[in-house]
Amino acid sequence: MTSKFNPDNTYGQESAKDMDSLKRNRFQLISAYVDGEVTSAQRSDVQQLLATDPEAKRLYNRLLMLRQAFRTMPVPQTEQPAQELAQQVFSKIDRRRNRRKFVWGGAALAAMFVGAVSMIVPNGPSPVPQMATNPTPLPKAEPLRIALNRPLLEIPLAPVSSPRPSGLTPEVNGNVNNLNLN
């Protein structure tokens with residue numbers, strides 16, 4: 001493997017990215033080697049890397065232990081077969097459908113009951129159409145008379161006051177006859 005050291009990088013940012021990329025590529029290569037998914041050229045590269053780099057050797061050993069732990073991990077036994085589980089799911093769906101039908105049917109029956117009771121119990125005018133009937137004739141009343149010449153009631157006359165012309169004020173000396181016209 002070649003080094004990707006960049007002497008012109010003063011901040012170390014690019015070299016850190018390159019190192020992360022290098023570690024990621026190394027991890028993927030060693031993981032593929034453990035799983036048996038490498039070509040013959042990659043296999044020889046990994047074997048050479050494992051012989052020369054102790055960090056790569058540690059990563060290889062950790063991946064082997066992890067792989068072994070997954071293989072020896074106990075698989076939980078299913079409590080019931082998949083066919084029985086599927087049957088339970090479908091029966092629960094059917095029960096929900098039946099419950100929904102029951103609720104809607106009950107609501108429809110309740111509405112019909114309320115409608116029937118409201119038809120029987122009179123709460124005002126009957127909803128049944130009725131034929132129109134002639135009203136009974138009223139006894140013949142005295143015709144209406146209007147008094148044109150004389151009112152029926154005496155209307156009192158309102159007191160009339162003489163309006164005072166504006167701008168005319170009586171003199172102060174008490175003589176009402178002498179008015180000051182300005």
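Which residue forms a salt bridge with Asp-94? The partner is Arg-97, with the closest N and O atoms 4.0 Å apart; a salt bridge here is a side-chain nitrogen of Lys or Arg within 4 Å of a carboxyl oxygen of Asp or Glu. This is a predicted model, in which local features need pLDDT of at least 70 and side-chain atom pairs count only at pLDDT 80 or more, while totals for chains, interfaces and linings use all residues. Residues are numbered from 1 along each chain as its sequence is written, and side-chain values use heavy atoms, with hydrogens and water left out.

Four helices and two strands make up the secondary structure of the protein chain, and along the sequence they follow the pattern α-α-α-α-β-β. Helices (H or I, at least four residues) and strands (E, at least two) are DSSP runs, numbered from the N terminus. The protein chain has an average pLDDT of 77, and 73% of the residues score at least 70; pLDDT is the predictor's confidence in each residue, from 0 to 100. Over residues 1-5 the pLDDT stays under 50, and the model has two contacts beyond four places in sequence for them, a contact being heavy atoms within 4.5 Å.

Of the 182 residues in the protein chain, 8% are buried. Buried means under 20% relative accessible area, exposed over 50%, and partly exposed in between (1.4 Å probe, protein chains only). The largest nonpolar core has 13 residues, and Ile-30, Tyr-33, Leu-50 and Tyr-60 touch the most other members. Such a core is a set of buried Ala, Val, Leu, Ile, Met, Phe, Trp, Tyr and Cys residues joined through side-chain atoms within 4.5 Å. At least two residues of this core come from each of helix H1 (13-35), helix H2 (40-52) and helix H3 (54-72), and H1 gives the most, with five residues. Neighbours within four places in sequence aside, Ile-30 is in contact with Leu-49, Ala-56, Leu-59, Tyr-60 and Leu-63.

Charged pairs come next, and the structure holds two salt bridges. In one of them Asp-53 pairs with Arg-26, the closest N and O atoms being 2.7 Å apart. This pair links distant parts of the chain, since Asp-53 sits in the loop between H2 and H3 and Arg-26 in helix H1, 27 residues apart. Asp-53 counts as buried at 16% relative accessibility, whereas Arg-26, at 22%, counts as partly exposed. The pair from the opening, Asp-94 and Arg-97, lies within helix H4, three residues apart, about one turn of the helix. Asp-94 counts as partly exposed, at 40% relative accessibility.

Met-119 lies in helix H4 (residues 82-120) and is exposed, with a relative accessible area of 57%.
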